[in-house]
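Trainee: Before we begin, could you take me through the reasoning behind the labels used for this model, setting each value against its cut-off?

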Amino acid sequence: GTPQKYDPTFKGPIYDRGCTDVICCVLLVVAIVGYVVVGVVAWTHGDPRKVIYPTDSQGQFCGQQGTPNDSPLPRSCLQFSLQFLISSPLCIPPLQICVNRCPDRYLTLLQAAASKEDLGYYRGFCAPTFQSLQKSVVEVLRDKECPAMIMPSTPLARRCFPAIRASKGVIMVGNQTTYDDGHGRRRNVTELLEGAKKANVVLETRQLAMKIFEDYTVSWYWIIIGLVIAMLASLTFIVLLRYLAGVMVWVMIVMVILVLGYGIFHCYMEFAKLKGEAGSDVSLVDLGFQTDLRVYLHLRQTWLAFMIILCIVEVVIVLLLIFLRKRILIAIALIKEASRAVGHIMTSLLFPLCTFFLLCLCIAYWASTAVFLSTSNEAVYKVFNESSCPFSGQTCQPETFNSSNVTRLCPDAQCLFAFYGGESAYHRYLITLQFFNVFMFFWLANFIIALGQVTLAGAFASYYWAFKKPEDMPAFPLFSAFSRALRYHTGSLAFGSLLLAIVQVIRVLLEYLDHRLKAADNKFAKFLLSCLKCCFWCLEKFLKFLNRNAYIMIAVYGTNFCASARNAFFLLMRNIIRVAVLDKVTDFLFFLGKLLIVGSVGILAFFFFTHRIRLVQDTAPPLNYYWVPILTVIVGSYLIAHGFFSVYGMCVDTLFLCFLEDLERNDGSAEKPYFMSPNLKKLLKKTNKGQRDA
């Protein structure tokens, strides 16, 4: 590309600018209107209760007000769907009945019919139409009014599943290994095992989730205190960078090395302490997956793996510091300049909260629309019959079924709930609407991120191009940049985010295809899919890099997206050495800063929640899993530190591009003075002619 030439009228971000990429702006508005329409239609037809609550064999919700199965009990949520796992060989769906509680004993309908007390208990697990045993047992079973037998069951997700447990390697349900199936046959409980296997996994997961929830209830305020400490540490670190950037960078490097060194030492001490203890030499492969993660901390191999990982990270960081030691000084100068810019625009530190709030709204709208779309299907009823019937498998309506010809030709036929579906045009295009929902989520999320980037870039560019800092800066640089971005460049931001959204949607489709092809043996297809995934991953990273720099040029010059992307790309290519070294070294130092904050807060949380700080040993709450609050504090600390340092990263990138433009436009003469700060000019041995003469 052609280097930028001197322009005497250029004094920073151009205020006299026009609208760019208007067509993309119109497309975005039309797409948002369509997205709102899709959401309204989904909310009109959808019913999230289909995901949460079970149904009986007639498709009616269990324990919901306004339904035939509304319980007279004060707590109707105690109703469960009693689903029997052994269905008819004629593909008749298993009987599902809404009950107030799960059964706690073995009992067959034939046994209950012989005892008034047992029949009263058994009636609680029959359909509402069953009042008394006026019909024979065979007729009751034929009419699907009661199950043939009940067994001890466990409630799970508002459903009753056999209470399967293992005792000394023997599978039992209710302390028995066999049961009467209600048809005069004895069955082994192992026949229920395959049907309830996944349910037991879910049950264990539910127990794990309940313990985690208990840990959150007793430690939530300590978690908040930890996150506040992380926020104060990040803010303090940024304030100190303004005055002690050089010292802070070197202290940060040393502290990261020391933190990693302590981690290696701690892992070694735990590894050595477990030597000779029973069960500590079991390998991770032999142990397999355990829901109680504390088991892994009693294995020597776990601490050995932690120690090896920390050693590798330590060696990589030390080698990078050795090879990049000469460039760290220049990176420190950029950080100092960014610190001054952030110091003059302190509101920029709070701007990520606005971006985060908008992203939360976008995620909430996408998730709610997806749920309502997925539950927009209608209940489909089909004819089921144990004998030969020409209407078997056809759709039917329960309201008119008893008066139709089907019951006359097939007396034992029933109209039962089969699944959720639909034959209307709306139901046929549900997949398309879900795809549109995902696409719009990516587009709007990328647009919100782009709006935040161009706003920060415009504010920091006004600082750099102020000849006298901060006297020549506008009164409200952040607000001015935000209003310019929305007023003139909504189309350009929509264009850049649209390109990125298309690539991300393609990546999602490739991941979906990869998931579907896992069971296939076509190695060529898997190889081709892996290559495509790799290529689109690289393309997404390149587009994010190009968009970020294009938004900076948009904020400064007010040009359209294509022109800004082209100018930014050529400017970076003309200074590829500086880009590869200075910019990336700065990113690496910011990463070390985040690592220091997260590591320090994480170690503090570890010592506190494991009762290893004597001063507050009795204050720490008792926990089922101490790693729950520790991981929460670590993840939250990283997000907080990332929010603060993302502002710094955008500031450095903006100042770096402006710095490269400054070097191309100006030469330091009286007619073409440099706009860079005195420290950068001194570091690069550049001065303005007037200063040289003085």
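Trainee: How many residues does helix 17 have, and what span is expected for helix 17 at 1.5 Å a residue?

Mentor: Bearing in mind that this is a predicted model, helix 17 has 35 residues, and the distance from its first C-alpha to its last is 50 Å, which is close to the expected 51 Å. Just after helix 17 comes Gly558, whose phi is positive, at about 75°.

Trainee: What makes helix 17 and helix 20 a packed pair, and which residues meet there?

Mentor: Contact requires heavy atoms within 4.5 Å, and on the side of helix 17 the residues that meet helix 20 are Arg548, Asn549, Ile552, Met553, Val556 and Tyr557. Their counterparts in helix 20 include Gly649, Met650, Asp653 and Thr654, as well as Leu657 and Arg665. By class, the residues of this contact between helix 17 and helix 20 divide into 7 nonpolar, 3 polar and 4 charged. The two helices, spanning residues 523-557 and 627-665, pack at an angle of about 65° with axes 10 Å apart, and the crossing of helix 17 past helix 20 is right-handed.

Trainee: Why is Ala112 called buried?

Mentor: The label applies under 20% relative accessible area, and Ala112 has a value of 0%, so Ala112 is buried. Ala112 has its place in helix 3, residues 109-112, and, neighbours within four places in sequence aside, is in contact with Leu107, Asp118, Leu119 and Tyr122. From Ala112 to Arg123 the separation is 11 residues in sequence and 9.2 Å in space, C-alpha to C-alpha.

Trainee: Which residues touch the most other members of the largest nonpolar core?

Mentor: Those are Trp443 and Leu589, in a core of 113 residues. Helix 14, residues 430-464, supplies the largest share of this core, 19 residues. Leu589, leaving aside its neighbours within four places in sequence, is in contact with Val249, Met252, Ile253, Ala331 and Ile335. Apart from this core lies another, of 17 residues, with Leu107, Leu109, Val137 and Ile150 among them.

Technical notes: Residues numbered from 1 in each chain as written. Predicted model: local features only at pLDDT ≥ 70, side-chain atom pairs only at ≥ 80, totals over all residues. Heavy atoms only, no water. Axes fitted to C-alpha atoms, helices over the stretch in contact; angles between N-to-C directions. Helix = DSSP H or I, 4+ residues; strand = E, 2+ residues; numbered from the N terminus. Left-handed = near helix turned anticlockwise from the far one by under 90°. Nonpolar A, V, L, I, M, F, W, Y, C, P; charged D, E, K, R; others polar. Expected span 1.5 Å × (residues − 1). Core = buried A, V, L, I, M, F, W, Y, C linked by side-chain atoms within 4.5 Å. Buried < 20%, exposed > 50% of the residue type's maximum accessible area, 1.4 Å probe, protein only.
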